[in-house]
Amino acid sequence: QNKTATTKKTKKLKKVTVVLDWTPNTNHTGLFVAKEKGYFKEQGLDVDIISPGETGADQLVASGKADFGVSYQESITQARVQNVPIVSIAAIIQHNTSGFASPVKKGIKSPKDFVGKTYGGWGSPVEKAILKSLMSEENANVNKLNIVNMGDADFFTAVKRDIDFAWIYQGWTGIQAELRGEKLNMIYLTDYSKKLDYYTPVLATNEKMISKNPKIVKAFVAAASKGYNFAIENPKEAASILIKDNPDLDKKLVEKSQEWLASKYKDDADRWGEQKLSVWKNYADFLAENKLLEGNFKPKEAFTNDFLPAK
Amino acid sequence: MKSKNIKGWQPIVVILLFLICWQLSIKIWRIESWLLPGPIAIFKEGMRSTDSLLPHISSTIQLTIIGLLIGSLLGFLIAFLLHLIPGVREAFYPLLILSQNVPIIVLAPLLIIWFGFGVLPKLIIISLVCFFPVTVSALDGFRQTPSELINYMKMAGASKSQVFWKVELPFSLPSIFSGLKISATYSVMGAVISEWLGAKSGIGVYMTLASSSFRTDRVFVSIFIIMFLSMLFFFLIVVIERFTVKWKVKGVKRK
Amino acid sequence: MKSKNIKGWQPIVVILLFLICWQLSIKIWRIESWLLPGPIAIFKEGMRSTDSLLPHISSTIQLTIIGLLIGSLLGFLIAFLLHLIPGVREAFYPLLILSQNVPIIVLAPLLIIWFGFGVLPKLIIISLVCFFPVTVSALDGFRQTPSELINYMKMAGASKSQVFWKVELPFSLPSIFSGLKISATYSVMGAVISEWLGAKSGIGVYMTLASSSFRTDRVFVSIFIIMFLSMLFFFLIVVIERFTVKWKVKGVKRK
Amino acid sequence: MTLQVEQLSMSYSGHQVLDNISLYVNEGEFVSILGPSGSGKSTLFHLIGGLVKPDSGEVKLNGSIINGELGHVSFMPQDHSLLPWRTVLKNIVLSQELKHKPDEKLARDWLKRTGLENYENAYPHELSGGMKQRVSFLRSLLAPQSFMCMDEPFSALDEFTRLEMQQWLLSIWEEQRRSILLVTHNIDEALLMSDRIYLFSDKPAKIKEEIIVPFPRPRKKELLLSDEFTEYKRKIYLALEKE
Amino acid sequence: MTLQVEQLSMSYSGHQVLDNISLYVNEGEFVSILGPSGSGKSTLFHLIGGLVKPDSGEVKLNGSIINGELGHVSFMPQDHSLLPWRTVLKNIVLSQELKHKPDEKLARDWLKRTGLENYENAYPHELSGGMKQRVSFLRSLLAPQSFMCMDEPFSALDEFTRLEMQQWLLSIWEEQRRSILLVTHNIDEALLMSDRIYLFSDKPAKIKEEIIVPFPRPRKKELLLSDEFTEYKRKIYLALEKE
Ligand SMILES: Nc1ncnc2c1ncn2[C@@H]1O[C@H](COP(=O)(O)OP(=O)(O)OP(=O)(O)O)[C@@H](O)[C@H]1O
Ligand SMILES: Nc1ncnc2c1ncn2[C@@H]1O[C@H](COP(=O)(O)OP(=O)(O)OP(=O)(O)O)[C@@H](O)[C@H]1O
Ligand SMILES: [Mg+2]
Ligand SMILES: [Mg+2]
């Protein structure tokens, strides 16, 4: 009886795809919860979650090949400047949880300690600008920092050798370090510059979806919001749902990360997913100041809160 | 017979030796297991996760076989056309080289946008990897056919296609197999890479998941599987070669 | 002479045609430029950023040349050893195949840990890419040397190494060049990939930066450069082949 | 089938090889060419077979020009040119295969007659030099074309096998009335088999002399010992001797 | 250099090819082998050269067993086996190169004598059949080993070139007193050149007869026409004729 009811429903379900930014992790928990708990179905959606590996989601979302995707404010800012029609529809995590991490024994406690050290990054000019702004807060000179391109190497590998510190997400790599019992010094971006408190990651869609299928967007965000709220309240269960869907993930890491993230999804906002114009504007201004924005960025068009469920 | 049996064991012995060295150096230099786990740990992890691995393995194998088939047929077909149609060879050869130099990270989004998340874009990537060695080797094989054999056939009135099927193709079989061996070796990695464009299962998926959750042991389990599979495909080609090119002068080289 | 000149133009015509089709289909299907820019836009962007590109190009070229050299020498050396030392061939061949199946994402961290962020790990990666086709083709070439030639040399009292240098090697030169062509084609991509493990400059670096700031046109500029470079290396090998294997029976095949 | 070669000249990268050669082979005629090594006999055959085009002159088969046209004659090359990946039997039927379904029974028959019945499934590399030559001979014998060009077909055979093969060739020729052009170094062979003999000079090859062989057919082995035969032999010998 | 072959037997995958062959070549002796095509003459040479090992029996050079030992004799193979990527000159000096610095002047001298002076820098594929054979002949002639095994060295040559080559071979042999073992299908050649002749039977090869040739040296062309010569010729002919 239950079965027939669901099949009947599936007939009417609208198929949508959501592309993750990378392999599934705790940033995505809400989506998996919404799928597993049937929140998407309640909204009449049949959601296909795809992880694209190296490709990233932005181009797929922008082109309409995927309906939704997981992206970052940094990407969307750069993308929109190049006329890529991608729009952020919800902030997955309210504040920037990334920062510069280093093993405790390197003695890097604040940006001024960067002097004379080696930073491992991926060679982007944005990194240098960010480091510069952090260091200038403490009157340190960025030119005394050695910046090395470490490409695809992961954090733990890199700091074993020539690298002293690198840029990580606390909620994943930081948690992994805790699990390994490695003490890290973490310098959060948000602690030094409000401009760098950008949204990372976010849910995104393309402009066409917004103009042509606002109902679907609304439904999707509603279900996702419900999923993330569930994860906020029941981190344990949410973690087990993520693991159930991705059995090859490391269980301990997911559980611990989930626990840590539970309070960060919504944080101080009055509802999950809320985005502020100032945040979008600040980051773009920061880039512009550093001459890293090749074009015009209109912060208002880059995001919308319109599809978030009412408070 | 006897000496053949012994030969079959040689590579296994070498590999075992290699693994032992590996295990020992891990012990001696105290390399941490998240950096480079020892073969024993890898083996244990492999045993533990056999169940969850099997579907991944079978999906990668399917992808590889189909891709390798398409790729090598395509490679042969291209070689065939470039060889038989006069003038085309010089004109299109550069395009082949170009095809090998489109980075996957650029190709991937385009392929997905054009062909969706299905199996097609993945097969395209594997084929792209596999066709090239076959084409190059086949073309070189065709070109090296002894001219006296071709001359005889021509004088006997063979058409261009008869010369091809009866002389050039049989003559270049060893060369083609040489290309096929290279392709077979690359095919599994090709499949793994292709799985990065949004697959639900496969060794590639398993490996990236393992890697992103810092499970180095599982990453190495995947590598072992990839290696094993590509050896398998390689030796499959070798076996097929043995049965196809069976006229090869063996007796005379006995000393 | 005249017909040769004309031949040189054929591939260029084909490539031009291809570019024209590309430009047209961009127009017709209205493909957005952030997804797939047209060749004209790419060319313009390439012109604009020539100055900033040159250091990247020259660093990649250096890396490629050294890597290709090391890789092909290594490939030849391995083929040489496997061929000449009895029994070693069967034992070590599988290891070669394995070497082609260690994904870069796994190898990279290890290489970095062991060799740092310098040029050495990059050269290791390019060599790893380039040696394999050379080895496989060379081994297959050695094996196909006509037995009557080897038999004559043996009866005349040639040592194993004389047989190798005077018969097997010259005979398999065309085959070795076939492998070298494949290697040359892969070498540039190998260099680009190797740059992803931390380089200060290079096409690979330029491309990832372009890609992360959604400058698809610049990404394609890099691809064009990669393609151009690999064609260059390929034809370099072809030219060397022409000068080395100049005995090849041409006259007889004139018809 | 009649062949006419008219004022053929040919040179390889500057070296003249054939200088104004004219010769003919009538319907059902057996003609031999004798000439020094390296004079250009095989080159002439390549021209007749259409593999290369002459610098000047014409090759006519049944009156129509076949300069550079392939496939009109059955050709037995000087090197055996057997395909190494085909068994003896498959090599023999190759020339038929090109035109129609091969007649393997006939091929087996011939293998038996030429003493190769046990080698039907052997590969060329398992054969002795003379055996390879016989296989190549059978291949051209069974070819569908009725004009045959044979380039030293029996050079690797001992006297007895050679005589036997000559007999087979003669019997086939008499039976099917093919036209045959044969290159040989053996004066006995030329005299025993042909209606006419062309003598080639050294490079560049010219026709030095044309000799009409008067012996009646069928010719028996005993002819070899007759005075008339010796007379002709001496004549040719002297004519060939370098000036 | 003396060669002794003692009770050699050899079979290829079941087929017996040589059946208990015993023969010898004394210091400075010139010995020929005559036998039907496919009987096993080349196989015998491969055994003497050490390329294959006999099933039973021994090959002795100067008294020491050289079964399966390579490099003791200078060998001229039946197919020319020239290296296609070497010019004529470089092919000729190949056999010397293996042991010491090649003497290119000597090689050029010989090219001149054998009428190949213009082909020094030609590649094998540019040569006619007979020219390739001559190059291969020169290569073995210039080899440093003093025992020579030649497998039908003149089969692709016309009578005159053949006679000339025979004279060169004889002169070299007389001058350097090498020991020579020659396979040929030409009875005249065997009689004209050798001290002794072995006649081989058909498969499996046995020694049918050993003929000592009594003609004094140096032998002139005229010998060919003498009655004694014809007598011997007939004798060998009859002995070789199949039973
Ligand atoms: N592909 C080629 N390139 C250059 N020269 C060639 C080529 N083929 C043959 N020749 C030359 O042409 C001349 C005649 O060669 P051809 O093979 O016709 O001689 P032939 O009369 O058949 O001699 P033989 O009796 O020795 O076989 C020779 O001087 C040879 O060097
Ligand atoms: N590699 C081989 N494998 C199998 N059988 C072989 C091989 N080589 C030779 N034979 C067989 O051995 C026999 C003798 O061959 P061999 O070449 O010694 O003959 P030959 O006396 O030199 O003949 P010819 O005068 O025709 O050159 C033949 O029946 C041949 O089929
Ligand atoms: Mg000839
Ligand atoms: Mg023989």
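Author: Of the 20 residues around ligand 2, those that come nearest are Ser128(D), Gly130(D), Lys41(E), Ser42(E) and Thr43(E), where a residue counts as near if one of its heavy atoms lies within 4 Å. This is a predicted model, in which local features need pLDDT of at least 70 and side-chain atom pairs pLDDT 80 or more, while totals for chains, interfaces and linings use all residues. Residues are numbered from 1 along each chain as written, chains are lettered from A and ligands numbered from 1 in the order written, and side-chain values use heavy atoms, without hydrogens and water.

Reader: Which chains does ligand 2 lie between?
Author: Ligand 2 lies between chains B, D and E.

Reader: And which polar atoms are close to an oxygen atom of ligand 2?
Author: Among them are a polar side-chain atom of Tyr119(D) at 2.8 Å and a polar backbone atom of Lys41(E) at 2.7 Å; a polar contact here is a pair of N or O atoms within 3.5 Å. The protein covers 91% of the 630 Å² of accessible area that ligand 2 has on its own, by the Shrake-Rupley method with a 1.4 Å probe.

Reader: Switching to chain A, in what order do the strands of the open sheet run?
Author: The 5 strands are ordered E2-E1-E3-E10-E4 with mixed pairing, where strands are DSSP runs of at least two residues, numbered from the N terminus, and two strands pair if DSSP finds at least two bridges between them. The edge strands of chain A are E2 (45-50) and E4 (86-91), each pairing on one side only.

Reader: How many bridges join E1 to E2 in chain A?
Author: Strand E1 (residues 14-19) of chain A is joined to E2(A) by 6 bridges, and the two run parallel.

Notes. Polar contact = N/O pair within 3.5 Å; in protein donor to acceptor, adjacent residues only side chain to side chain. Helix = DSSP H or I, 4+ residues; strand = E, 2+ residues; numbered from the N terminus.
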